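Work through the exercises below with the model in view.

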Amino acid sequence: MKWLLKIIDAVRPTFEEGGKLKIFKPVFEALEYFFFAPSAKTLGAPHVRDPLDLKRVMSMVIISVVPCVLSAFYFFGWRFLAMIIVSYASGLAVEAIFAITRKESINEGFFVTGILFPLILPPNLPLWMVGVGVAFGVLIGKELFGGTGRNLFNPALVGRCFLSLAYPKAIASSWVEPSHELIGGLKVWITPSLDAVSGATPLAMAKQGGFTDTAHMLFGSVSGSAGETSSILIILGGIFLLLTRVASWRTVVGILGSFITLNAILILGGVVDYSMPGVFGPIVWHLFAGGLLFGAFFMATDPVTGPANNTAKWFYGIIIGSTTVLIRNFTGYVEGVTFAILLGNIVAPILDEIMIAIRIRRLKYEG
């Protein structure tokens, strides 16, 4: 990579103060920092670097979703690749505008948002909606709060929520069956009128009393969001995040544990009867259906929009898992993970404040 570093060093003066392209310095720095660590050093000792820096977090998350990306590309073909390109182009355009206006660097965090956003969308959603959705998410969910590190909500989920509320018919009609051929969907470009075989998601089918085979949800041969169809690949990526300590196991266990527990309470208490049409399947089936696993591992564990206190992470996870159960069972929505995580984002700062206040009070009492 030395040759690339030489090229970067050669063109650097063009983007510095006094250069012809100085207005595009944030864009130049974003490309440079994607490949190399920043060259700037602290003025005085000690010159210490935190191994869990933004670049490492970004890299680990992107690596963890690679299996889901490859799976979506295999099942839904070249159109999913187009969704990724549109997501990056539209989102980075918004990021670049704000970075140039503020005279700041483009934050590397969008490289994660740009890849996660297509994974939580129906694979046949019009490409212009993909662009509008990610632009809205970055603008409203992050930039209006001051940029990465200051945002209250997960930008990808803000964009997904916006599309669900603004274009519900398009969202409902964009679910397609994944290709079951040996080479998957790689030989076709899926279009609503020609190639797409529309199909209800497992959660939508369950509302009618029909339950998809759990094995199909494990391996990804079901209709659903592009990256949420294969539970096995989601779990593998999630375990990778946990082992690298990028994601908090407390949040994940809190979500999945509360989800299972509340479901069990509702069943044992006779509040819901999963043998009746109009409700969902057994707990294990329920666990693998929809975007619960993807949301628990990749969305709720966002270190910026989640709590920092370890105890607060437990309550944060419990709120998300319990809210998902309530939305799925007692509302007209077939899925509730997006709304549940956004609710968790709202209460995350409050949870941190409460836990810190309790800790301070305990220390005063002990003192």
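**Exercise 1.** Does R102 count as buried, partly exposed or exposed, or rather: which of these classes holds at its relative accessibility?

Solution. The model is predicted, so local features need pLDDT of at least 70, side-chain atom pairs count only at pLDDT 80 or more, and totals for chains, interfaces and linings use all residues. Residues are numbered from 1 along each chain as its sequence is written, and side-chain values use heavy atoms, with hydrogens and water left out.

Step 1. Take the classes: buried means under 20% relative accessible area, exposed means over 50%, and partly exposed lies in between (1.4 Å probe, protein chains only).

Step 2. R102 has 31% relative accessibility, so R102 counts as partly exposed.

**Exercise 2.** Find the salt-bridge partner of R102 and say which parts of the chain the pair ties together.

Solution. Step 1. A salt bridge is a side-chain nitrogen of Lys or Arg within 4 Å of a carboxyl oxygen of Asp or Glu. Side chains of opposite charge can pair when their charged atoms come close.

Step 1. The partner is E143, and the closest N and O atoms of the pair are 2.7 Å apart.

Step 2. R102 belongs to helix α4 and E143 to the loop between α6 and α7, so the pair ties together parts that are 41 residues apart in sequence. Helices here are DSSP runs (H or I, at least four residues; strands are E, at least two), numbered from the N terminus.

Step 3. E143 has 4% relative accessibility and therefore counts as buried.

**Exercise 3.** How many salt bridges does the structure hold? Describe those of K142 and R12.

Solution. Step 1. There are four salt bridges in the structure.

Step 1. K142 meets E95 in a salt bridge, at 2.4 Å from N to O. K142 lies in the loop between α6 (127-141) and α7, and E95 in helix α4 (residues 78-102), so this pair ties together parts that are 47 residues apart in sequence. Both residues, K142 and E95, are buried.

Step 2. R12 pairs with D9, with the closest N and O atoms 2.8 Å apart. R12 and D9 are three residues apart in helix α1 (residues 2-15), and are therefore separated by about one helical turn. An α-helix has 3.6 residues a turn, so residues three or four places apart point the same way.

Step 3. R12 counts as buried at 19% relative accessibility, while D9 is partly exposed at 40%.

**Exercise 4.** Which residues make the nonpolar surface patch, and which helix gives the most to it?

Solution. Step 1. Patches are made of residues with over 30% relative accessible area and no salt bridge; like charges are joined within 9 Å, and nonpolar side chains (Val, Leu, Ile, Met, Phe, Trp, Tyr) within 5 Å. Accessible areas come from the Shrake-Rupley method with a 1.4 Å probe; for residues, only the protein chains shown count as cover.

Step 1. W249, V253, W314, F315 and I318 make a patch of about 450 Å².

Step 2. Helices α12 (249-268) and α15 (310-330) each supply at least two of the patch residues. With three residues, α15 gives the most.

Step 3. W314 lies in α15 and, at 30% relative accessibility, counts as partly exposed.

**Exercise 5.** At what angle do α12 and α15 cross, and at what angle do α15 and α16 cross?

Solution. Step 1. Axes are lines fitted to C-alpha atoms, for helices over the stretch in contact, and angles run from 0 to 180 degrees between N-to-C directions. Angles under 35 degrees count as roughly parallel, over 145 as roughly antiparallel, 65 to 115 as roughly perpendicular and the rest as oblique.

Step 1. The axes of α12 and α15 cross at roughly 40° and come within 7 Å. The two helices are therefore oblique to each other.

Step 2. For α15 and α16 the crossing is at roughly 150°, with the axes coming within 8 Å. That makes α15 roughly antiparallel to α16.

**Exercise 6.** How many residues of helix α5 are buried?

Solution. In α5 (residues 110-119), 10 of the 10 residues are buried, so the helix is largely enclosed by the rest of the structure. Among them are F110, G114 and P118.
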